[in-house]
Amino acid sequence: MELGPILGYHAVLFIAHAAAYIYDCKYIVTNETETVFTYRGYGGKFKYLTNWNFIIQTVYFGLCVANDLCGSNVRPSGRGERCQLQRWRDNFLATVVFPLGMFVVLTFWGIYAIDRELVYPKALDKVIPSWLNHVMHTTILPFLLVDKFLVYHQYPSRKAGFVTIMSLALLYLTWILWVAYYANIWVYPILKVLQPHQKVVFILAMLVLFVFLYLLGEFINKTIWGEERSHAQKKKKKSS
């Protein structure tokens, strides 16, 4: 596909996500004195994985725009080498952006379907507009799937992928456990109602889900771009 439509797609998503995030930071508060840093107590909005994901998705589409304008979109079947910007984009999508985006969508709506009070209490409907809720928890799934169809991403080694995604998961887990210990705030109501042994099982299940979603992204990439992956493997063998 020509660069124009791809650049347009990435630019629209970057602008839309940036605007939505600015709106969220400025207007989604529970009182006039609250800020993004003090929202619902210690840690502000930065204690929510949704906020982390919101920032990461926005940065990713901004990186895509920068790469479309100044970098490269080299495929293994073509000529030339990937520039550093394209390498960052590919690795970021593979190891963080796609698995985290899928995780947020699937866990949010999965728990919501069982009991919304455990993840998104009804009281939030008066605080967060429906459109913003869907930007944070719904639309990223189709946006990332379309991006995978439009753009070839070269995945890193599976070991590197696992190390990166598990490091991110453990970093966030450490953060929310610290918030619970230091401020007595369980970021998500479901963690508050679970018994200690149930928390352990739940957290382990979420870590397994992270790994599965990384493998799912790798599988989708292989299914769509199988021929390109074959070229990449041939080039790797020749260079080794």
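## Helix packing in a predicted model

Helix H6, residues 158–183, has 26 residues and reaches 37 Å from its first C-alpha to its last, close to the 38 Å expected at 1.5 Å a residue. The model described here is predicted. Helix H8, with its 29 residues, reaches 42 Å between its first and last C-alpha, close to the expected 42 Å.

| Helix | Residues in helix | Reach, first to last C-alpha | Expected at 1.5 Å a residue |
|---|---|---|---|
| H8 | 29 residues | 42 Å | 42 Å |

**H6 and its surroundings**

The buried residues of H6 are Gly161, Ile165, Leu168, Ala169, Tyr172, Leu173, Ile176, Val179 and Ala180. An α-helix has 3.6 residues a turn, so residues three or four places apart point the same way. The packing partners of these buried residues are H2, H3, helix H7 (189–193) and helix H8 (196–224). Leucine 170 also lies in H6, but it counts as partly exposed because its relative accessibility is 42%. Just after H6, asparagine 184 takes a positive phi of about 55°.

In H8, the buried residues are Lys199, Met206, Leu207, Phe210, Leu213, Tyr214, Gly217, Glu218, Ile220 and Asn221.

**H2 against H3**

Two packed helices are described by the angle between their axes and the distance between the axes. For helix H2 (residues 49–70) and helix H3 (residues 84–115), the angle is about 150° and the axes are 10 Å apart. H2 is therefore roughly antiparallel to H3, since angles over 145 degrees count as such. The crossing of H2 past H3 is left-handed. By class, the contact between H2 and H3 has 16 nonpolar, 6 polar and 2 charged residues. On the H2 side, the contact residues include Leu49, Ile56, Val59, Tyr60 and Leu63. Among those they meet in H3 are Trp88, Phe92, Leu93, Val96 and Leu100.

**Asparagine 51**

Asparagine 51 is placed in H2. Is this residue, asparagine 51, buried or exposed? Asparagine 51 counts as buried, because its relative accessibility is 5% and the cut-off for buried is under 20%. Leaving aside neighbours within four places in sequence, asparagine 51 is in contact with Tyr21, Asp24, Lys45 and Phe46.

Conventions
Residues numbered from 1 in each chain as written. Predicted model: local features only at pLDDT ≥ 70, side-chain atom pairs only at ≥ 80, totals over all residues. Heavy atoms only, no water. Axes fitted to C-alpha atoms, helices over the stretch in contact; angles between N-to-C directions. Helix = DSSP H or I, 4+ residues; strand = E, 2+ residues; numbered from the N terminus. Parallel < 35°, antiparallel > 145°, perpendicular 65-115°, else oblique. Left-handed = near helix turned anticlockwise from the far one by under 90°. Contact = heavy atoms within 4.5 Å. Nonpolar A, V, L, I, M, F, W, Y, C, P; charged D, E, K, R; others polar. Expected span 1.5 Å × (residues − 1). Buried < 20%, exposed > 50% of the residue type's maximum accessible area, 1.4 Å probe, protein only.
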